[in-house]
Amino acid sequence: MARLAPGLSLALPRVPHRGRVGEVRAASTGSSMELHDFRAYQPGDDLRQLDWNAVARTDELILRVRQDEVSPRVEVVVDASRSMALSERKGACAREVALLVCEVAARQGLSPTLRVAGVRGEQVQGPSCRAALRALEFEARDDLVAALGRMAPPRPCGLRVVVSDFLFEADLAALCARLSRGAAGLFLAQVLDAEDLSPSGGEGARLVDSESGAALEELLTQDVLAAYARRFTEHQRSLRGAALRARGTLLTASAEHPLEALVAGALRPLFVAGGGA
Amino acid sequence: MSFGFPWGLLALGALVPLVAAYFLRRRQKPVVVSALFLWRTPRPRAEAGPRWERFTRESSLLLEALAVVAAALFLADVRLAEPARRHHLVLVVDGSLSMSARGPDGTTVLERARREAAKRVEEAGATHVTVLATGLSPRLLAGPEAEPSKALASLEDFQARGADHDPMPTLLWAQELAGSGRPMAFFTDVAPREGLVLPPSLRWTALGVARDNVGLVSARRRDEGRETTVTLWVARFGGGPASVDLQVRALPGVGAKEGATRVEHVALPEEGTATVRLTFQGAGDVEVSLPDDDLPEDGHVTLPAAGTRPLEVRLAQGLGAPERDALERFLQSTPEVAPGAAGEEREVLLFGPQGTDARVTVGTTGTPRSFVGPFFAEKGHPLLDDVQLSGVRWTAGTNPPGRPLVTAGEAVLVSEEEDGRVHVNVDLSRSNVQRVSAWPVLLANVVRQARRTHEGFTRRQLLLGEPLEVVTEPGARYTLVEPSGRRPVFGAGTVGLPPPAGPGRFVLEREGDAVDTAVVLPLDARESDLRGRGSVDVAAREVDSEDARPHDSDRAWWPLVLLLSALLADFYVTRRGG
């Protein structure tokens, strides 16, 4: 992590942002040196922003509209449902991805906010994110949609990264629209275990849902496994389409791979090598 | 609801592995998955709620249990209403002691009879069974028309310990219970004797085996003071051992510190019996045993110590000196006689002079007359057993009241009244009757008669088949406690009871208090003789054809339909669950 973060920066969208004063062009007008637009003077405007040359040329009170330079917020939403701890590797991978985003954002001068969608809707900012992620327990007995309902409404931000496995039955289009609301950019970092991607077959088993506890007796034959693969592919297709419609990007990461491989592979659209906004 | 074949209900035992499998499946190792919905085939009804899914397994279990119950009912040939076919079978079992004889394989004839009876009930498809046991008094063991399982269970509890008897009364009773032409089965250990007319629907099955035997045929115990004399009769039936060791063990009695054990080597004659007489001092119960053979029951007896009950005798005032002297000399030499206290009314033999209310009056009134014969005695009267009056000079007075027992001319020498009072019309100062044997014999008969009116059992040691006889007093309530239970004794005086069905200890109670005890020994020489036993199966001469085979056409088929329905429903449910 310490070796990876310095060489990376988040791929922020090329649109104005909101946030505290910083280096990134903001969506609001302000007092930066970069000219954004001209408009007619209106009472109450700062007279210092009048473009006197234009006034002289046009005899109209033309105001220079300058943009603020802000430090956009980066919001990392982590799904703390029990399915994220299906295996130790899956939980660890989810923590690592979320932490890497927070670390890179902090190094990039952005202000990372970690929101844990779990039993309680927790929210931490800045350096506390590392400690919060270390203490994170995946113990929610419901899915991400229900957990989001318990949390405060999302605030506008520059970039929102949602770390989850997205393996639940829900209206995916509505979920993605909700996640992209107020965000300039949306990344859905889907962390999956090897058993999620390709479950092992064998004898009959009692399949128990990690969150609801519902059980299902099944004989894990090849036909059953093929049916699972078919339904999984369909689910992924629906999720990817919903993400695209919400101007988001779905990144599917296998917990089997190390973080370096994920950054270079599945998570590559999220990070830009060498830094830069 | 009734069952044509109740053993079919054993199929209900399949519920045990079914429920066990259910719980074992529930305990199958769970596999946690992230998304159960990806494993489940989406169904519109399932989307409505998980209730159906939750109960799929329980529903399957219930349907499978229903299928098992339906199968058991079908196998048990359930009949809801009574149009069910009735098939009545009457079983008769020999209750004599020889049925307890062991065969070469160690099993008794009675055990073989039980197995054969169970097989016969199953073969006949009997829905109702009546079981009778032969004996001196026929007994109903189960029924009439009991369930086959209960009837066979009663046969399991039955013990054949009875005396030799004629089975025909029981067989005729069985025929009445079965009805004309209905099947009957008789299980015994001997073939029917030639010329015996059996009921036409009776199947006679003999399961015995001829063999030799050595056994006790009789045993007697006599207690005089602290001395106990045990007399045993041992017999050999057939070519058994020429001699046998007889063990007699006397347990310590009241006041004795230790018992005694003796082993007598008894030589057995080819015909007849060997008699062994042993004497013990201060003995309690005496246990006699022979080495075990094919019929061990006749080789073991216990002779309990019978408490002595001396007859109380009193001489009334007014007796003449010769009469008093003669009576006192007799009573001094008579065992188990004790002087009674004055004023005690019950169970006292009172001797008094003529004209009093004494039980026995001795003496004369009026003008004496002497006779030297001929004397006329009422033949067969117990008071005159062995009384020989030849050579006697008898001087008598006025004739006493009552029925004359001994007369000489017109003179009544001995008479007996209706209430049992005896009058001896003799003047001993002028007679010589007290100097001949007739005198003590006559008085001994009087004492014996008095003993017979003594409350309790007239005999305390009986053999199998001998009738019980008790003496009761009027106005009291008596109960006879038998090994098989209690029963009231009705009547006053000497009451004859039927022979007991088996050996054991019998207690006579008056108002709940034990009065006397008798023991019936398991000895019967005719039952110990096993030489004539054998195996034979005499088929019934005629049986109603409708009873010759079980009727499958009456079997109820709805359990089978229920079974198939439950299986189909289970298949449907499990398919949905998958």
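Two strands are taken to pair if DSSP finds at least two bridges between them. In this predicted model, strand β11 of chain B, residues 243–252, meets that criterion with strand β14 of chain B, residues 283–289: 5 bridges join them. The two strands run antiparallel. Within this pairing, B:Gln247 stands opposite B:Ser289 of β14(B).

β11(B) also pairs with strand β12 of chain B, residues 260–267. Here 8 bridges are found, and the strands again run antiparallel.

Helix α6 of chain B spans residues 148–157. Its buried residues are B:Pro148, B:Ala151, B:Leu152, B:Ser154 and B:Leu155. Viewed down the axis of α6(B), these residues fall within an arc of 155 degrees, so they line one face of the helix. The face turned away from this buried side carries B:Lys150 and B:Asp157, both exposed. Cover for the buried residues of α6(B) comes from several elements of chain B. Among them are the strands β4 (88–93), β5 (128–133) and β6 (139–146). Helix α5 (109–124) of chain B also contributes.

Chain A contains 8 helices and 12 strands. Of its 277 residues, 47% are buried. Among contacts in chain A with a separation of 6 or more, 74% link residues 24 or more positions apart. The accessible surface of chain A is about 13600 Å². Carbon and sulfur atoms account for 50% of that surface.

Technical notes:
Residues are numbered from 1 along each chain as its sequence is written. Chains are lettered from A and ligands numbered from 1 in the order in which they are written. This is a predicted model: local features need pLDDT of at least 70, side-chain atom pairs count only at pLDDT 80 or more; totals for chains, interfaces and linings use all residues. Side-chain values use heavy atoms; hydrogens and water are left out. Helices (H or I, at least four residues) and strands (E, at least two) are DSSP runs, numbered from the N terminus. Buried means under 20% relative accessible area, exposed over 50%, partly exposed in between (1.4 Å probe, protein chains only). The arc is that of the directions from the helix axis to the C-beta atoms. Contact means heavy atoms within 4.5 Å. Accessible areas come from the Shrake-Rupley method with a 1.4 Å probe; for residues, only the protein chains shown count as cover.
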